[in-house]
Amino acid sequence: MKVTIYSSQPYDKKYFIAANENFGHQLIFHEARLEPKTVELARGSDAVCAFVNDDLSEITIEALKAIGVPMIALRCAGYNNVDLRTADKLGIHVVRVPSYSPYAVAEHTIALMLSLNRKIHRAYSRVRDGNFSLQGLTGFDMHGKTVGIIGTGRIGSIVANILQGFGCKVLAFDTFENEALKKNGVQYLPLNKLLAQVDIISFHCPLTPETFHLINEESLALMKDGVMIINTSRGAIVDASEAIKGLKSGKISHLGLDVYEQEGDLFFHDLSETIIRDDVFERLLTFPNVLVTGHQGFFTEEALVNIAHTTLENIACYGDKKPLQNTLHLDQAIAG
Ligand code: NAI
């Protein structure tokens, strides 16, 4: 199968070429993002391989159809960037990698929490500058704190388990309750009740119309003063402008983001020689109690191996006319 891989970075090439030894696809790598103006690069391909910030809106999918590409293979779990209705209407198959390493994202979530709490990002710079003062680096014990997990699927349930290991009280909100977590002492509450009780809140739900800007003026008003917010899910779950107001007022004591609503123009690229024109993003970076990573939650050796293998396997199944395990169906269609 001829596969055009968009938004590819050197690490994608490395892991896909290694995994392809088992499949023998023809892989064509492009740094360019998939969007209407780059669709032409995929002419003659049996599949396009896309990532989190590729544009798979109606126009792009129609353009893919027009040049005869029958398959979109996402090399990620989230699919909020795909117009599944258009894909379904045009008979284009969409596959994804639903689970490659939930541990990778869960552990990164905890890394953000602990770094912010114990101010590791600030201590790192201070010590390198010969400044060994502890002033301003006070943290808090995780033990005994109440943490709210929004979305207790693959990633959220691991985060809950890790936090219980620290001695945290774990509250959860999800449209489906996980019985195993409940047996282990996780308590499900309606969202409003959860928001009022937590010291830390962490997002592990998909981006949908219901979760879009879940962190907003109203939800922040319900929370305790000094709440820590962690988002490793999708950027648009947090209204960043409202988060800035919350940081300025002290409502938010710590903010950890691995994702950002407008990350498509920023993340995965070296922009260190350019001027970043996103004033909201730049303002976020000025706060000492904000820690941003560039969508690296998934970025472990194990995850990259699994992503490459499953993506190429999904494509091979299609080529061999075998049942597609990881197809996205119309009833999974979500906007956002
Ligand atoms: P999952 O599908 O296993 O779990 C998602 C959970 O969210 C489910 O239990 C679902 O019932 C729940 N949910 C759905 N709508 C909800 C709502 N309105 N309110 C509360 N809960 C709701 O997904 P998984 O694998 O745990 O991934 C979670 C999210 O993490 C993905 O949607 C993706 O956006 C993000 N992600 C981020 C990565 C990163 O590198 N930062 C990498 C992989 C995923």
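Predicted model: local features only at pLDDT ≥ 70, side-chain atom pairs only at ≥ 80, totals over all residues.
Residues are numbered from 1 along each chain as its sequence is written. Local features need pLDDT of at least 70 and side-chain atom pairs pLDDT 80 or more, totals for chains, interfaces and linings use all residues, and side-chain values use heavy atoms, without hydrogens and water.

Helix α1 (residues 10–19) packs against helix α12 (residues 301–319) at an angle of about 55 degrees, their axes being 9 Å apart. Helices here are DSSP runs (H or I, at least four residues), numbered from the N terminus, and axes are lines fitted to C-alpha atoms over the stretch in contact, with angles running from 0 to 180 degrees between N-to-C directions. The two helices are therefore oblique to each other; oblique covers the angles left over when those under 35 degrees (roughly parallel), over 145 (roughly antiparallel) and 65 to 115 (roughly perpendicular) are set aside. In α1, Tyr 15, Phe 16 and Ala 19 meet residues of α12, including Leu 304, Ile 307 and Leu 312, where contact means heavy atoms within 4.5 Å.

The structure also holds seven salt bridges, each a side-chain nitrogen of Lys or Arg within 4 Å of a carboxyl oxygen of Asp or Glu. One of them joins Lys 245 and Glu 242 (3.0 Å, N to O), and both residues lie in helix α10 (residues 240–249), three residues apart, about one turn of the helix. Lys 245 counts as exposed at 51% relative accessibility, whereas Glu 242, at 13%, counts as buried (buried is under 20% relative accessible area, exposed over 50%, partly exposed in between, with a 1.4 Å probe and protein chains only).
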